[in-house]
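Colleague: I would like to learn how to read a fold from its coordinates. Could you take me through one, feature by feature?

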Amino acid sequence: MGSDCTTDRLRAGLKATGQEMNSKYFDLTLTNISDGSCALKGYPGLSLTDQDGDRIGKPATRAQGGSAENVVLKAGQAAHAVVRTPDKGVTDGKCWPEPARIKVFPPNNTAALSADPAELQVCGNSFTVGPFTTSAN
């Protein structure tokens, strides 16, 4: 089964996956960079930072409707979580400043990983993240 994935065994990534129903979606990945297996269960902590490392806005809230499953990652495998924010056009342009980096806290970890924000800009003060799963949605 593998022990819990710790921050030092993971690499974070984020990529845009498209738009649907006035929302922008992103695939947040945590990839196991260790030689052994490890497990993730639950939701990541996710926040945005500026060039100086200061937080922008509030951390992402947990999306409703997802169920947390135990995701076992062999070496090189990735777990996926869906990140969502409204599109700029549906929020009268009320958006947070564009982030320089994202900070990702794996479940049950207090140390964060950092990654490129992949054009993520939170609009309408709505910023959600789902639980980790085995495949990108």
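Modeller: Gladly! Let's start with burial: a residue is called buried when its relative accessible area is under 20%. This is a predicted model, and buried residues make up 45% of the 137 residues in its protein chain.

Colleague: Why does Thr 31 count as buried?

Modeller: Thr 31 has a relative accessibility of 12%, and buried means under 20%, so Thr 31 counts as buried. The residue lies in strand S3. Beyond its neighbours within four places in sequence, Thr 31 is in contact with Arg 9, Leu 10, Arg 11, Gly 76, Gln 77 and Ala 78.

Colleague: And the secondary structure: how many helices and strands does the protein chain have?

Modeller: There are zero helices and 12 strands. The radius of gyration is 15 Å, close to the 14 Å of the globule rule for 137 residues, so the chain is as compact as a globular protein of that length.

Colleague: What is Ile 102 in contact with, leaving aside its neighbours within four places in sequence?

Modeller: Among its partners are Leu 14, Leu 28, Leu 46, Leu 113 and Leu 120. Across the chain, residues 24 or more positions apart account for 77% of the contacts with a separation of 6 or more.

Definitions and conventions: Residues are numbered from 1 along each chain as its sequence is written. This is a predicted model: local features need pLDDT of at least 70, side-chain atom pairs count only at pLDDT 80 or more; totals for chains, interfaces and linings use all residues. Side-chain values use heavy atoms; hydrogens and water are left out. Contact means heavy atoms within 4.5 Å. Helices (H or I, at least four residues) and strands (E, at least two) are DSSP runs, numbered from the N terminus. Buried means under 20% relative accessible area, exposed over 50%, partly exposed in between (1.4 Å probe, protein chains only). The radius of gyration is taken over C-alpha atoms; the globule rule is 2.2 Å times the number of residues to the power 0.38.
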